[in-house]
Amino acid sequence: MAVAGRGGRGGGSGSGFRSIMSYPIFVSIIVSLLFLAALKLLFTSPYSSSSSSSSSSSDPEMAMTGNAYIHTSFLALKSDPLKTRLDMIHKQARDHMMLVNAYAAYARKLKLDNSRQLNMYDELAQNFTDMLSKPSYHAALFETEGGVDEDTLRQFEKEVKDKVKVARAMISEAKESYDNQLKIQKLKDTIFAVHEQLLKAKKNGAIASYISAKSVPKSLHCLAMRLVGERIANPEKYKDEEPKPEFEDPTLYHYAIFSENVIAVSVVVNSLVKNANEPWKHVFHVVTDRKIVAAMKVWFKMRPAEGGAHVEVKAVQDFTFLKPSYVPVLRQLELAKSQTRDSENQAENTTKDLNSLKFTVSQDLSMLSHLRFYLPEMYPDLHRIVLLDDDVVVQKDLTDLWNIDLDGKVNGAVETCFGSFHRYSKYLNFSHPLIKENFNPKACAWAYGMNIFDMDAWRREKCTEQYHYWQNLWEHEALARYCNESIQGAMDKVCR
């Protein structure tokens with residue numbers, strides 16, 4: 001029992017020692033020893049070994065590891081605070097100088113080269129440059145081998161703060177105006193882009209209108225060819241007749257229609273005859289292209305006008321006095337055709353301008369729109385004549401037109417003054433001094449669909465000579481905005 005008791009006491013003593021030397025306590029002791037070793041290394045390594053010191057001085061690019069990194073970190077803690085403060089002030093000055101230069105460059109981009117603001121930016125940027133390059137600051141702050149002079153640093157800091165304050169005030173003031181300038185520039189760009197789209201749409205619309213006006217329904221394709229085929233098949237039936245005396249009788253009602261559209265001319269003639277009280281007194285003078293004249297004659301031979309109305313069909317070439325030597329527009333059309341043939345890409349040229357489009361059609365067809373200026377010479381025995389476009393549909397008797405007193409004027413027509421489109425300013429180039437001197441830009445044009453002409457007054461006023469005068473001027477100078485309308489507008493003052 002005694003042995004057992006001693007053994008128990010011995011066992012209790014050993015167990016107490018093991019509990020004191022437990023694992024957490026052991027770890028704490030090891031960490032403490034490592035910490036003490038690190039402190040000793042930190043404070044003793046720079047000075048304890050001469051060989052280490054000489055090695056460090058001989059290698060200026062010593063790797064920042066181990067003792068070298070610890071040594072550098074310790075020296076940084078002991079650096080001059082004035083030097084750090086100087087670096088911060090110098091960086092602030094350079095940053096604001098770059099900001100001022102950026103705003104000055106943006107001002108130049110907005111075309112403000114002569115503005116007071118831009119001059120202030122340039123002056124402030126130069127002040128920053130001069131301040132940073134002062135010899136006194138360089139000697140006392142940046143090139144000194146000892147410590148930084150605190151008084152000089154204080155003066156440098158004050159000067160930097162003053163200039164930074166001015167720079168921030170200028171930038172704050174200009175920021176709003178720059179934003180507005182940017183908005184204005186974007187708005188100008190948008191307006192320009194929309195204007196370009198509008199011009200393109202107008203050009204495409206003009207070309208589409210021209211094409212649609214010259215197109216015919218599919219059921220009428222080759223109508224002229226079929227009519228000519230009918231004439232060839234029955235030559236005896238469609239012989240040319242001698243001119244009727246009614247064609248030159250001034251006591252009858254005479255109408256002139258210039259067109260190459262067989263169906264359109266037929267509509268004008270039939271609508272007028274059906275509404276006429278005395279259709280046998282109405283005479284129609286149809287002038288067309290020589291390629292269509294045979295088809296036009298066959299049509300009115302197969303479908304003569306009702307009520308005994310008279311229809312005369314001629315080609316432009318039947319009027320032999322219409323030669324390039326006498327008619328200016330024929331010379332211009334021949335020149336335009338030669339230029340078109342020489343062009344490498346006719347389609348591209350015709351889309352450039354509406355004038356080009358008008359001049360690329362055949363010579364005779366284009367001449368049809370100018371025949372109105374030669375009516376007294378085409379029909380020398382007549383005193384009055386009504387000119388009708390081929391898109392007119394008559395809905396009442398027109399004989400009252402011959403009772404209108406024109407008061408010595410040449411042309412009677414309906415004015416179209418609504419809006420600004422039918423004013424002279426849209427037809428003539430008033431930047432030319434000759435046009436500006438002779439015409440009123442606000443004067444009204446008139447509808448071309450139906451005009452009554454006093455042929456005696458025309459001859460008395462010599463309107464054809466006036467037309468040639470303006471047409472020759474247009475040929476050599478930029479008098480008109482549009483080809484045909486310019487001459488018609490010029491005639492208005494003299495002949496209407």
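Which residue forms a salt bridge with Lys297, and how far apart are the closest N and O atoms? The partner is Asp240, at 3.7 Å. A salt bridge here puts a side-chain nitrogen of Lys or Arg within 4 Å of a carboxyl oxygen of Asp or Glu.

Some ground rules. This is a predicted model: local features need pLDDT of at least 70, side-chain atom pairs count only at pLDDT 80 or more, and totals for chains, interfaces and linings use all residues. Residues are numbered from 1 along each chain as its sequence is written, and side-chain values use heavy atoms, leaving out hydrogens and water.

Back to the pair. Lys297 sits in helix α11, and Asp240 in the loop between α9 and β1. They are 57 residues apart, so the bridge links distant parts of the chain. Helices (H or I, at least four residues) and strands (E, at least two) are DSSP runs, numbered from the N terminus. Lys297 is partly exposed at 29% relative accessibility. Asp240 is exposed at 51%. The cut-offs: buried is under 20% relative accessible area, exposed is over 50%, partly exposed is in between, with a 1.4 Å probe and protein chains only.

The salt-bridge count is 12. Another one joins Arg459 to Asp456, 3.2 Å from N to O. Both are in helix α18 (residues 455-461), 3 residues apart, about one turn of the helix. Arg459 is partly exposed at 31%, and Asp456 is partly exposed at 35%. Through shared partners, salt bridges join Arg231, Asp240 and Lys297 into one network.

The largest nonpolar core has 35 residues. Those with the most contacts inside it are Tyr255, Val269, Phe284, Met296, Phe300 and Val311. Elements giving two or more residues to this core include α10 (262-275), β2 (282-288) and α11 (293-302). Apart from it lies another core, of 28 residues, among them Val316 and Met367. A core is a set of buried Ala, Val, Leu, Ile, Met, Phe, Trp, Tyr and Cys residues joined through side-chain atoms within 4.5 Å.

Last, the outside. A nonpolar surface patch includes Ile25, Phe26, Leu33 and Leu39, and the whole patch has about 990 Å² of accessible area. Patch residues have over 30% relative accessible area and no salt bridge; like charges are joined within 9 Å, nonpolar side chains (Val, Leu, Ile, Met, Phe, Trp, Tyr) within 5 Å. Areas come from the Shrake-Rupley method with a 1.4 Å probe; for residues, only the protein chains shown count as cover. Leu33 is in helix α2 (residues 23-48). Leu33 is exposed, at 52%.
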